[in-house]
Amino acid sequence: MNRRDFLRLAAALPAPAFLAGFKALAAPLRKKVKITGMKVMLVRGTFDWPMVKIETDAGVTGIGESYWGHGVKDIMLGYLRPLVLGEDPLDIDRLYTKMITRTGGAGAIAGATVTAISGVEIALWDLAGKLLSVPVVKLLGGQYRDSVRAYWTAGVKDMLDPASCRDFAGALRDHRYGFKAIKIGYGRKKVAQEPFSRHFSNEDLSENTRAFTNLREAVGESVDIAVHCHWEFDLADALALARAVAPARPWWLEDPMPPDFSSSWVKLTEESPVPILTGENLYTRHGFKPFIINQGCHMVQIDIPKAGGLLESKKIAD
């Protein structure tokens, strides 16, 4: 029955009959799918990656991925499974809020708890897409672009050796995925002697200048180079590193200081000759917000299966 026929029939029927017919037509829509189970497995590798499966009484399942970390699986099965059983899997934002709220005492601001919630949230979106027969991107607002750039996190045997850099450049050119961007860790000579020091020596800075200059000369101008740090420096040395690698014109300097926001991030962003990026160790929009509104970085990088899931990542991007 098309809309015109339905309206004609509604006008012809007495009110009680019309309402009865409407209720009959709407009955299938009132039947809600319910979550009946949650299972988690660890995919072994360099790290153990938790994969979560949400089961429903409709026989449809959703799969989600969480970032690695000890305890994520236990949080999913111990805290989160009881919170979602019997719920409508399409109420994703409500269930995300419920999981965040009910696990507050277990650390639902950051860390493994948010990571576990992220995996469940992604599984709910996968389930929603299957139930509604549309790609998840359509449910999140629609497709915005046809492709996204990808970089290769790689390593060079010896960046101080120009020949080694040329060998790496050859491997990059021959890579089957055709990468035009790479991320390389900084080099630090004294790390074995002072593993927790946040400071560079002059020799360390000079070697980083040589290393990234060698790499730039080897890969050419068409390849973007990101410099990967691990939250290891204070403001003075992060700025010194940015200046040391600036001749290679990096795409960005990643996570050079401890992850919590401070005014030092603003000062670094203002003074660095290299774009500053952070976000790999931030959680939910509340963790990203001070960096964004205070211009504490040039770019943010969201780990979706860690920061809160798909919708939370979209809120961060917005």
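Buried means under 20% relative accessible area, exposed over 50%, and partly exposed in between (1.4 Å probe, protein chains only). The model is predicted, so local features need pLDDT of at least 70 and side-chain atom pairs count only at pLDDT 80 or more, while totals for chains, interfaces and linings use all residues. Residues are numbered from 1 along each chain as its sequence is written, and side-chain values use heavy atoms, with hydrogens and water left out.

**Exercise 1. Cysteines**

Task: Determine how many disulfides a search of the whole structure finds, and classify Cys 229 and Cys 297 as buried or exposed.

Solution.
- Step 1. A disulfide is a pair of cysteine sulfur atoms within 2.5 Å. The search of the whole structure finds 0 disulfides.
- Step 2. Cys 229 has a relative accessible area of 1% and is therefore buried.
- Step 3. Cys 297, at 12% relative accessibility, also counts as buried.

**Exercise 2. Salt bridges**

Task: State how many salt bridges the structure holds, then describe the pairs Asp 48 and Arg 44, Lys 267 and Glu 271, and Lys 98 and Glu 87.

Solution.
- Step 1. A salt bridge is a side-chain nitrogen of Lys or Arg within 4 Å of a carboxyl oxygen of Asp or Glu. The structure holds 13 salt bridges.
- Step 2. Asp 48 and Arg 44 are joined by a salt bridge with an N to O distance of 2.6 Å. Asp 48 is partly exposed at 26% relative accessible area, whereas Arg 44 is exposed at 64%.
- Step 3. In the salt bridge of Lys 98 with Glu 87, the closest N and O atoms are 2.8 Å apart. This pair links distant parts of the chain, with Lys 98 in helix α4 (residues 92–102) and Glu 87 in the loop between α3 (72–84) and α4, 11 residues apart. Helices (H or I, at least four residues) and strands (E, at least two) are DSSP runs, numbered from the N terminus. Both Lys 98 and Glu 87 are buried.
- Step 4. Lys 267 and Glu 271 form a salt bridge whose closest N and O atoms are 2.8 Å apart. The two residues are separated by about one helical turn because they lie 4 residues apart in helix α10 (residues 263–271). Lys 267 is partly exposed at 40% relative accessible area, and Glu 271 is partly exposed at 34%.
- Step 5. Through shared partners, salt bridges join Glu 87, Arg 94 and Lys 98 into one network.

**Exercise 3. Aromatic pairs**

Task: State how many aromatic pairs the search finds, and characterise the pair of Trp 49 and Tyr 67 by geometry and by location.

Solution.
- Step 1. Rings of Phe, Tyr and Trp (its six-membered ring) pair if their centres lie within 6.5 Å; planes under 30 degrees apart count as stacked, over 60 as edge-to-face and the rest as tilted. The whole structure has 13 aromatic pairs.
- Step 2. The ring centres of Trp 49 and Tyr 67 are 5.4 Å apart and the planes stand at 75°, so this pair is edge-to-face.
- Step 3. Distant parts of the chain are linked by the pair: Trp 49 belongs to strand β2 (residues 49–56) and Tyr 67 to the loop between β3 (61–65) and α3, 18 residues apart.
- Step 4. Trp 49 is partly exposed at 26% relative accessible area, while Tyr 67 is buried at 14%.
- Step 5. Phe 47, Trp 49, Tyr 67 and Trp 68 form one aromatic cluster.

**Exercise 4. Val 120 and the nonpolar cores**

Task: Locate Val 120, list its contacts beyond four places in sequence, and identify which residues touch the most other members of the largest nonpolar core.

Solution.
- Step 1. Val 120 lies in helix α5 (residues 112–132) and is buried at 0% relative accessibility.
- Step 2. Contact means heavy atoms within 4.5 Å. Neighbours within four places in sequence aside, Val 120 is in contact with Met 38, Val 52, Ile 54, Met 76, Leu 80 and Met 99.
- Step 3. A nonpolar core is a set of buried Ala, Val, Leu, Ile, Met, Phe, Trp, Tyr and Cys residues joined through side-chain atoms within 4.5 Å. In the largest, of 42 residues, Phe 168, Ile 184, Phe 212 and Leu 215 touch the most other members.
- Step 4. Apart from this core lies another, of 25 residues, among them Val 40, Val 52, Val 120 and Trp 125.
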